[in-house]
Amino acid sequence: FKGDDTCEYLLSSGRFLGEKVWQPHSCMMHKYKNSEAKNCLIDKHIVFIGDSRIRQLFYSFIKLINPQVKEEGNKHGNIPFEDKSASIKVDFLWYPEVNGSMRQRIKSWTEGSVAKPHIIVAGAATWSIKIHNGSNEALTQYKINITSIAPLLEKLAKSSDVYWVLQDPVYEDLLSDSRKMITNEKIDAYNEAAVRILNSSSRNSKAKVKVFSVSKLIAQETIMKSADGLHLPESSRDTNAMILMNVYCNKIMKPIDGSCCQPQPPLTLIQKLAFCFFTLSIIGYLIINLIHRNNFRKNKSCTDLESGEEKKPAISTPNVSTLEMLLHSFCKLGLIMTYFYLCDRANLFMKENKFYTHSSFFIPIVYILVLGVFYTENTKETKVLNREQTDEWKGWMQLVILIYHISGASTFLPVYMHIRVLVAAYLFQTGYGHFSYFWIKGDFGVYRVCQVLFRLNFLVVVLCIVMDRPYQFYYFVPLVTVWFMIIYATLAVWPQIVQKKTNGNCLWHFGLLLKLICLLTCIYFLSYSQGAFEKIFSFWPLSKCFELNGNVYEWWFRWKLDRYVVFHGMLFAFIYLALQKRQMISEGKGDPLFSNRVSNVLLFISIVSFLTYSIWASSCKNKTECNELHPSVSVVQILAFILIRNIPGYVRSVYSSFFAWFGKISLELFICQYHIWLAADTKGILVLIPGYPMFNVLVSTFIFVCVAHEISQITNDLAQIVVPKDNSTLLKRLLCVAGFFSGLLLFSAMQDQSRH
């Protein structure tokens, strides 16, 4: 509401999420590591000047640079600190009162001969109240002294960052007898004087002393935990130090999850071109629409008075219809992408940090499960993993993943491990679905490949352009794209072994198994040879697709995390289709998959396996160790779920239409959440309606789901136009796509050069 100056919010307002997590109003605060703090403050001189409370803030600040620092030294004297590795100098200067001595020290920095500190943090008042026994004369003198200091601070603020820390409230019940005169009423009077006098003469907004008033709000919540009623507990002063670090460093380091004090990023050349393209599409669609409406009025159906028959208007030519459909799709997409940009790149809407509680994750899970069960219908077919069932599976998994992301449940290891299985299950379906298609249809044509690649990548490519993000940022789409190409290459390479060929000779089955063994060997080799993997994906232009922050390590980590599950999906499809061909399973409506005895045994084993995996995942103590085991064991729970879901005939014959609806747009939901449901590239939460968290989630979720559904329809419409069945036309389109990506690479190289 105060424009895009989120620094003002960071310094003045916020609330606690739980007991220790501070949430600034409207923006996100980054938690700085020691290395990040050093990189930000390299070659900087910071000065803290004031009383014992400022000394506390000084110690918390330097611990962000070096956590090993101990609070030693003369409490009523100056304390120096220096980090020689980064040439950082931080000094605490003991000036407990706002008086002539403090004025003289500040004045020395305004004179040309003395080097000015880059950051000055000042504040004092409680000593004046204590020494003068809370007299009104002391308050009058404080006003006079701060009036004489204010112009000097404002002069320093032209070249340095100057912060005046307001006095925190005290917990009067805990104050010692010598401090009983320090009351919250007196502190408020001193704070009012400081706020009124500071910046009163400054008209230049850039030359302002920044009033650090947020410390008061933090203290109001935590001062009762103070040891002496005067000094803040350690967690509170650490929060103040982190706020100070965010105010200064966010504009320098530009952390993704630190939206406070970050300016809006400038539009890149590619973003400007995209904006022009979408604008022209909207104008073009409006012009064609107006022409069509005008023609419709002219050719309006009218009754022939002689024959009594209705004359129908002339049917539009297919070319005009295709052009209109193309422009209509890009028109809608342009409006949607504008919303994406406003949500997550412009400083228009608020963003907040996530905060995990068990209730914020598990209550929505129970709610959607009840809804899913309520919308139960009969399936059109009763085969294992039929279309309705796979859509249902994708749907409930996607909803659980969305709740996982918005609740910040990744901090809770048992939930994280179960979500990893859901991601693996998506990839399992990739292996199962594509293998089944190629095996049954034997269709290795270019049309099929282009259709799949377009549907998978269209939205991500558009977002890379509009949101200025690398392709690898949307890691799941590169993952399923590469695995699709691996499945295609494995089955398409000579000899092409499909179901039709194996009908005549069973030996072909062994040939296919040999191919799968070769694939498994390659996967195993690449997973334990990071160097070989990185060499493959470091070649230009592949490197442009798979690099993140200048290297392909993130891509290797993501690929390695679920490296075997696609192979497991292919192997399961092969075994299932072989059993189905030999009629060794019963897929009739209401029939168990196997004989009653075998079905009961397999069902028991599946339930035990499912629960055993959950117990193991819930008992995980170390994320790294569990991630090492995950690729090999995740298939246990996936197969157990498939058997539990499909062995009983009555369970296989029904599905949840609620989950299946979401399953049809699961890819769009997964990608769209990055920018229009979550915020700051999934690190935070988008706030459209501040002050009403539940209402905000309802509104943002409704828009998010509608947008995902609309994008799914746009993708399907454009796929029919961009990827035609005619091979000669398709070849021309592929040449156009190659030219488009060549231009994109050229503009990207120009952007990188201009940034450097």
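**A walk through the predicted model**

At 42% relative accessibility, Cys276 counts as partly exposed, a class that lies between buried (under 20% relative accessible area) and exposed (over 50%), computed with a 1.4 Å probe on protein chains only. Before we go further, please note that this is a predicted model, in which local features need pLDDT of at least 70 and side-chain atom pairs count only at pLDDT 80 or more, while totals for chains, interfaces and linings use all residues. Residues are numbered from 1 along each chain as its sequence is written, and side-chain values use heavy atoms, with hydrogens and water left out.

Let us stay with the cysteines. For a disulfide, the two cysteine sulfur atoms must be within 2.5 Å. Cys545 is partly exposed, at 31% relative accessibility.

Now for the cysteines that do pair. The structure holds four disulfides. One of them joins Cys7 to Cys261, with an S to S distance of 1.9 Å. Because Cys7 lies in helix 1 (residues 6–12) and Cys261 in the loop between helix 9 (234–253) and helix 10 (269–298), this pair ties together parts that are 254 residues apart in sequence. Helices here are DSSP runs of H or I with at least four residues, strands are runs of E with at least two, and both are numbered from the N terminus. Cys7 and Cys261 are both buried.

Another disulfide is formed by Cys27 and Cys260, whose sulfur atoms are 1.9 Å apart. Here too, distant parts of the chain are linked: Cys27 sits in the loop between strand 2 (21–24) and helix 2 (34–41), and Cys260 in the loop between helix 9 and helix 10, 233 residues apart. The link is right-handed, with 90 degrees about the S-S bond. Cys27 is buried, with a relative accessible area of 0%, and Cys260 counts as buried at 0% as well.

Cys40 and Cys249 are also joined by a disulfide, at 2.0 Å from S to S. Cys40 lies in helix 2 and Cys249 in helix 9, so the bond ties together parts that are 209 residues apart in sequence. This link is left-handed, with -95 degrees about the S-S bond, and Cys40 and Cys249 are both buried. If you number the bonded cysteines of the chain in sequence order, the pairing reads 1-6, 2-5, 3-4, 7-8.

Next, have a look at helix 18. The 21 residues of helix 18 (residues 507–527) should span 30 Å at 1.5 Å a residue, and the end C-alpha atoms are 31 Å apart, which agrees. The expected span is 1.5 Å times one less than the number of residues. Which residues of helix 18 are buried? They are His509, Leu512, Lys515, Leu516, Leu519, Ile523, Leu526 and Ser527. These residues cover an arc of only 120 degrees around the axis, which puts them on the same side of helix 18; the arc is taken from the directions from the helix axis to the C-beta atoms. An α-helix has 3.6 residues a turn, so residues three or four places apart point the same way.

The buried residues of helix 18 pack against several helices, including helix 14 (413–441), helix 16 (476–492) and helix 22 (565–581). On the face turned away from the buried side, helix 18 carries the exposed residues Leu507, Phe510 and Leu514.

Three strands form an open sheet in the order 11-15-14, with antiparallel pairing. Its edge strands, strand 11 (350–353) and strand 14 (678–679), each pair on one side only. Strand 11 and strand 15 (residues 684–687) pair over four bridges, where pairing requires at least two bridges found by DSSP. Within this pairing, Lys351 stands opposite Leu686.

A last stop is Ser360, in helix 12 (residues 358–374). Ser360 is partly exposed, with a relative accessible area of 26%. Leaving aside neighbours within four places in sequence, Ser360 is in contact (heavy atoms within 4.5 Å) with Phe355, Ile403 and Ser407. Gly408 is 48 residues from Ser360 in sequence, and their C-alpha atoms are 9.0 Å apart.
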